[in-house]
Amino acid sequence: MHTFINVEDLGPLDKAMAEAFEIKNDRFKYQHLGKNKTLMMIFFNNSLRTRLSTQKAAMNLGMNVIVLDVNAGAWKLETERGVIMDGDKSEHLLEAIPVMGCYCDMIGVRSFAGLTDREYDYAETVLNQFIKYSGKPVFAMETATVHPLQAFADLITIEEYKTVKKPKVVLTWAPHCRALPQAVPNSFAQWMNAAEDVDLVITHPEGYELDPKFVGNARVEYDQKKAFEGADFIYAKNWSNPGVTNPADYGKITCEDRSWTVDTEHMSWTNNGKFMHCLPVRRNLIVTDDVIESKNSIVIPEAANREISCSVVIKRMLEAL
């Protein structure tokens, strides 16, 4: 595996899941693979779980790790071609990328959507430059449109906590005070569709439709209560307007309806459902205190599984070197 962006990059999902539980049982089993190998983690945006879990996974596999925060201690990078660089950006990504590739064996990239130009974001312009010019294997640590390490961890968590063979999993939009990317919901929908034993329902206000290539065969329900009925898992996440129905709305907040906040009443509609969120979460906006602190909240085990999902990905890449 030379790149990891989407679920299909892993090959058969059942084998990847089996590998995840093998690694969870013995996190240092494949330490020999990373000996004298270096992972470079490049952050254009803030991170807590991604940074810590990816670094831990790489160390478990015996790798050296270099972390570069582009916004703190590095030259400001220009990402677009044809720009006259007479502003505050001192180095172009097209020189920086191959230089980075000289110092490592593998690269992880985290670069969020700008939420102003849908075509630019959905073309994965920054990530694809790393793939094209670094000369090294590249994996996504959240990009403009996807967050596959999170979605893989989500699937591992659902497998651990499900009580029926084919659980009903609901991805629900929730309000937020800032415009957020669609990367997490995109990947969550994509990965749940790829899993054969998940009944996926997506619920959100009208106009917030995700890109059809991620929605896949999921059922879209605009009535949140109907969507929640009988659900085994509730995955809450805000996303800004994806601009599918109206491109001019891309990246904007076009709904602020607080009735979508997941509270105890919402959860009472479910089948004793488990609550999930990728974190960080805005309490009493996305979800109320009582729900996220309840015995049915599995956000911490979900976060812990980020180490496992990343371990599988890095292991696969090391094996291909």
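Predicted model: local features only at pLDDT ≥ 70, side-chain atom pairs only at ≥ 80, totals over all residues.
**Entry 1: the patch**

I started on the outside and looked for nonpolar side chains. Ile-66, Val-99 and Tyr-103 turned up as a nonpolar surface patch, and together they have about 270 Å² of accessible area.

**Entry 2: the largest pocket**

Next I went for the largest pocket and noted a volume of about 690 Å³. Its lining has 29 residues, and the ones closest to the centre are Arg-110, Phe-112, Leu-180, Leu-279 and Pro-280. Which helix gives the largest share of this lining? I got H7, with three residues. Helix H2 (49–60) and helix H7 (183–194) each bring at least two. Sorting the lining by type, I wrote down 15 nonpolar, seven polar and seven charged residues.

**Entry 3: the second largest pocket**

Then I checked the second largest pocket, which holds about 550 Å³ of space. I listed Phe-44, Thr-79, Ser-111, Tyr-120 and Val-126 as the closest to its centre, out of 29 lining residues. Strand E4 (77–78), strand E6 (106–110), helix H4 (118–122) and helix H5 (125–133) each supply at least two residues here. I marked H5 as the top contributor, with three. By type, I have this lining down as twelve nonpolar, eight polar and nine charged residues.

Methods
Residues numbered from 1 in each chain as written. Heavy atoms only, no water. Patch = residues over 30% accessible without salt bridge, like charges linked within 9 Å, V, L, I, M, F, W, Y side chains within 5 Å. Areas by Shrake-Rupley, 256 points an atom, 1.4 Å probe, with all protein chains shown as cover. Salt bridge = Lys/Arg side-chain N within 4 Å of Asp/Glu carboxyl O. 1 Å grid on protein atoms, 1.4 Å probe; cavity = no way out; pocket = protein on both sides within 12 Å on 5 of 7 lines; lining within 4 Å. Points joined across faces, edges and corners; volume = space filled by probe spheres on them. Helix = DSSP H or I, 4+ residues; strand = E, 2+ residues; numbered from the N terminus. Nonpolar A, V, L, I, M, F, W, Y, C, P; charged D, E, K, R; others polar.
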